[in-house]
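Here's a quick briefing to read with the model open beside you.

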Amino acid sequence: MTLPNLLNHATLALVYAGVLIMLTIGLNMVYSVLKFSNFAHAEWVTMGMFASWWFLQILSYILPWDTAHLLNNLFVHAVFGFLIVGIFGILGEVLVFDRLRKLKAGLDSAIVASIAIGLIVRNFLAMVFGAYPEPNRAICPTCTSQPSLPGFLPDLNNIVTIKLVENDPIFGTQWIRINASGILIIVTSIAMVLAIDYVFRHTKFGIAMRATADSIELAQVSGVDTRRIVHYTWFLAAGLTGMGAAIYRPYLTGPFNSLTGLYMLLPFFAVVILGGVGSFRGGIIAAIIIAYARQATVVIFSWFQYPGGLEEILEEHIGFTITFSPGYADAIPFVILIIVLLIRPRGIAGSVEATRERV
Amino acid sequence: MTKAFLRAENIVSGYGKLHVINGANIHIDEREMVTVIGPNGSGKSTLIKTLIGLVKIFDGRVTIRDEERGWLDVQTRKRQMKPDEIIREGIPLGYVPQLNNVFPSLTIEENLKMGLFVKKWDSYYHERSEQIFESFPILRERINQRASLLSGGERQMLALARALMPAPKLLILDEPTAALAPNLAEEMLQLIVSLKNTAGISILLVEQRAKRSLELSDRGYVLVTGMIAAKGPAKELLSEDKIRKLYLGDRAKKEKEVG
Ligand SMILES: Nc1ncnc2c1ncn2[C@@H]1O[C@H](COP(=O)(O)OP(=O)(O)O)[C@@H](O)[C@H]1O
Ligand SMILES: [Mg+2]
């Protein structure tokens, strides 16, 4: 029997890992500094998509001559997504979380508040945009929902295929097949990781942020204006998420809607918890593990569905049908999560020391 | 001869609406070591946190003398300086809290740099850390390790070293020996005394090892339910019968009295 197209699966998993990395860095950051799980994170993703989409429409409308996409391109949309969602992140702090803290409300209240904020934003977006956003071609005939990149990557749907072997009796077909959007996701996620690691480790701001995450009081007595650090944290965390969502949007096969972020929230939490809550490096490793484990399950399930595979065997010999649809692989991240938590209760990067410190 | 460095007058402070400190007066002179003792929960930590703006002050005031600017109001009911403001104003205070006194996920180098946060740490770090390593050689050996990997004693060393990085004139220490074995605790207290003697740093110490720290101090205060119950030169406090019985763990006498 021939091998399935493993190389292609590995490529898909890499893109998925990139998406998880881009979209969970912010969730982790907020947790490590503010110590609560921000459920409104789902709506940061959704908002990033809407904001970048809106900006595309606006730019198409006011810059109809920009057919070369000098200004009206994905990078500009992503920066806009960063700013809009970043500001939204700060607003949440100023209007809600800061007030709750001053009233000595506990972290549980903050979690519930974040759920409420998410719900409000989600429904607001649904009210404004309906099922999914569509360009109004009556007002703006040049508008499109296809984001574009300038010159060097003209069409995001243009698929690059690198065939290594084709119809080999043993190796079957092995190819790398990826579109410009997928490449951009991988490149952006790597760039984000390197940039943030640099900031955390080598800049005064980054060290102050980690110090604030460790102990607000001790950071204050060292001279850190922790309120400012908290505001920057919200801005950066929300902004990066909004930017990631803008970069991810062109990769989506169907239209996005007000629920897109919400559907991704559980895998996000799986990544963050698996990595060790609040751990940047742990989160990266967890994203890669989850993406590859999920894709491996897809391969195995498809294999079970081949003629003569496990599905048929079960049906013939036991008369019992289990469908190994690759779609069910979505549960795999959570299976891994539970197994890892049973072995390492604080996730990959969580250590016994960390437990001791929180007493 | 000796000049006052910090004065706290009629301090009333606490959390939310709760008054923990009820009108306390303390002062610390230059090059002086002062110990505050008192039973658990009497408000020792609250009192020293009030000095640096970590606790709300309801009444009274805290002033600190600055070489150039004279007496500065640091805490008053009207205007309370936050701890980071005090540090950014260049007031030479160092504070080591009772709990969570290092940044566990930061390396030792980063912890020490945090002591210089409000200065240009790149230009000061080298010079200051070399000086610090003379008293704390173990920190140099483990400079790139996370502080969470240190033992209890080493953490306490790091906490003290971090507070010393900006070369403070007054060091406020909240139970620095609480988590230490007896021999390490004595070492730590000796180190603190030597800071006063060699570097001329004033020390405000809160200690559970009341007797030993009074023996090493110039003056002492006894804090009971948020009020100063006794004060004076350390030697006098040590010789007062009542204080020995109640606060210095003079068990032999206490038992005699009970029995
Ligand atoms: N963050 C806080 N919020 C409310 N009450 C507190 C807080 N910290 C301490 N207290 C109360 O203040 C009193 C004095 O505490 P503390 O200053 O820690 O005492 P000590 O350091 O002398 O043991 C105690 O009754 C304690 O319960
Ligand atoms: Mg205390």
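A word on ground rules: residues are numbered from 1 along each chain as its sequence is written, chains are lettered from A and ligands numbered from 1 in the order in which they are written. As this is a predicted model, local features need pLDDT of at least 70, side-chain atom pairs count only at pLDDT 80 or more, and totals for chains, interfaces and linings use all residues, while side-chain values use heavy atoms, with hydrogens and water left out.

**Around ligand 1**

- The residues around ligand 1 include Tyr15(B), Leu18(B), Val20(B), Pro39(B) and Asn40(B); being near takes a heavy atom within 4 Å.
- By class, the shell has 4 nonpolar, 6 polar and 1 charged residues (Ala, Val, Leu, Ile, Met, Phe, Trp, Tyr, Cys and Pro count as nonpolar, Asp, Glu, Lys and Arg as charged, and the others, Gly among them, as polar).
- The largest share of that shell, 3 residues, comes from H1(B) (helices are DSSP runs of H or I, at least four residues, and strands are runs of E, at least two, numbered from the N terminus).

**Aromatic rings**

- Searching the whole structure turns up 19 aromatic pairs over all chains (rings of Phe, Tyr and Trp, the last by its six-membered ring, pair if their centres lie within 6.5 Å; planes under 30 degrees apart are stacked, over 60 edge-to-face, the rest tilted).
- Phe39(A) and Phe269(A) make a tilted pair, 5.0 Å centre to centre with 45 degrees between the planes.
- That pair ties together distant parts of the chain, 230 residues apart: Phe39(A) is in the loop between helix H1 and helix H2 of chain A, and Phe269(A) is in helix H9 of chain A.
- Phe39(A) counts as partly exposed at 30% relative accessibility, whereas Phe269(A) is buried at 11% (buried is under 20%, exposed over 50%, partly exposed in between, with a 1.4 Å probe and protein chains only).
- Over in chain B, Phe117(B) and Trp121(B) pair edge-to-face, at 6.2 Å and 75 degrees, and both are buried.
- Phe50(A), Trp53(A), Trp54(A), Phe129(A) and Phe256(A) form one aromatic cluster.

**Charges over rings**

- Arg7(B) lies over the face of Trp71(B), 4.3 Å from the ring centre (the rule is NZ of Lys or CZ of Arg within 6 Å of the centre and within 35 degrees of the ring normal).
- Lys113(B) lies over the face of Tyr125(B), at 5.4 Å from the ring centre.

- Most residues other than glycine have a negative phi.
- Asn167(A), though not a glycine, has a positive phi of about 50 degrees; Asn167(A) is in strand E1 of chain A and is exposed at 64% relative accessibility.
- Asn100(B) has a positive phi too, about 45 degrees, and belongs to the loop between strand E6 and helix H3 of chain B.
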